[in-house]
Amino acid sequence: MLVLTRRSGESIVINDDIKVTVVSVSTRSGRPYVTLGITAPAKYKIFREEIYEEIKRENQAASVVTAGDLSALSKAWLKEKELPQDQ
Amino acid sequence: MEFICIEGLLGFENIHNYRLVEAEEPGPFMWLEAVDADLRFIVAEPGLFWEDYLPEIPREDLEAIGVDSVSETRLLVIVTVPCDPLWATGNCFAPIVVCEESGRMKQVLLRDGDYPLKAHLFPECVRNRKAGVSGAGTNSTQR
């Protein structure tokens, strides 16, 4: 891993078309954090690293469903729409 | 109708063949079922829950499912149902883009921060529960 030290307001450039800027360095609830700004062409997908894991977990949680769940959802939707539920 | 899910769903990358099945009850929900595995999801049409859900689908994702424009596709979100179904959420951050013509679908990651991973399907119910209006709802297993 290439390790560079930057101060607030300073940047690094990747491949001529991606720029990562340290917008600010702060503390929140006693914990330090860095706010980064990324300037890059729209074709690049940029995510916080943990995003992929979060989506995997969400998909896995969503896969634990039953017919009863769908029935309950349909009823809730009809109720929200105030449509008759006597189907 | 059967679809090839390009790259599979995150967490289920080995499963590629799915079918969309109408639910027994009328409404905005359907089953997204794996053809060759014991796996299924409830999916919903996001426009019926969130009027302002107009995500920009990246060009390369549209190409992957064989279309030039999002107008040739249909968007679905995967629904997560916790203990109390009124707290159900839709994954608006990673919707499923479906093209019936090409028979392909893909779970697409939108821009980080644009739309939530857990968007409540029934925000009124959630608001009422939080305000303690109707009964004691079971808080979901998710945040």
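The model is predicted: local features need pLDDT of at least 70, side-chain atom pairs count only at pLDDT 80 or more, and totals for chains, interfaces and linings use all residues. Residues are numbered from 1 along each chain as its sequence is written, chains are lettered from A and ligands numbered from 1 in the order in which they are written, and side-chain values use heavy atoms, without hydrogens or water.

**The interface of chains A and B**

- In chain B, 44 residues are in contact with 30 residues of chain A. Contact means heavy atoms within 4.5 Å.
- The two chains bury about 3100 Å² between them, with 66% of it on carbon and sulfur atoms. Buried area is the accessible area (1.4 Å probe) that two parts lose on being put together, summed over both.
- Leu10(B), Leu109(B) and Asp112(B) supply 18% of the area that chain B buries against chain A, more than any other three residues.
- The rule finds six residue pairs in polar contact across this interface, both residues at pLDDT 80 or more. A polar contact is a pair of N or O atoms within 3.5 Å; within protein, one must be able to donate a hydrogen and the other to accept it, and residues adjacent in sequence count only if both atoms are side-chain atoms.
- The side of chain B that touches chain A divides into 29 nonpolar, seven polar and eight charged residues. Here Ala, Val, Leu, Ile, Met, Phe, Trp, Tyr, Cys and Pro count as nonpolar, Asp, Glu, Lys and Arg as charged, and the others, Gly among them, as polar.

**Gln107(B)**

- Gln107(B) lies in strand E8 of chain B, residues 104–107. Helices (H or I, at least four residues) and strands (E, at least two) are DSSP runs, numbered from the N terminus.
- Gln107(B) counts as buried because its relative accessibility is 4%. Buried means under 20% relative accessible area, exposed over 50%, and partly exposed in between (1.4 Å probe, protein chains only).
- Its side chain makes a polar contact with the side chain of Asn59(A), at 2.8 Å.
- A polar atom of the Gln107(B) side chain also lies 3.3 Å from the backbone nitrogen of Leu10(B).

**Helix H2 of chain A**

- Helix H2 of chain A has 15 residues, 67–81; at 1.5 Å a residue it should span 21 Å, and its end C-alpha atoms are 21 Å apart, which agrees. The expected span is 1.5 Å times one less than the number of residues.
- Buried residues of H2(A) include Leu70(A), Leu73(A) and Trp77(A).
- The buried residues of H2(A) pack against E3, E4 and E5 of chain B.
- Glu82(A) follows H2(A), and its phi is positive, near 55 degrees.

**Salt bridges**

- Side chains of opposite charge can pair when their charged atoms come close.
- The structure holds twelve salt bridges over all chains. A salt bridge is a side-chain nitrogen of Lys or Arg within 4 Å of a carboxyl oxygen of Asp or Glu.
- Two salt bridges are found across the interface of chain B and chain A. Arg48(A) pairs with Asp112(B) in a salt bridge, with the closest N and O atoms 2.8 Å apart.
- Arg59(B) and Glu63(B) meet in a salt bridge at 3.3 Å, N to O. They are separated by about one helical turn because they are four residues apart in helix H1 of chain B.
- Arg111(B) and Asp114(B) also meet in a salt bridge, at 3.3 Å, N to O. Arg111(B) counts as exposed at 61% relative accessibility, whereas Asp114(B) is partly exposed at 40%.
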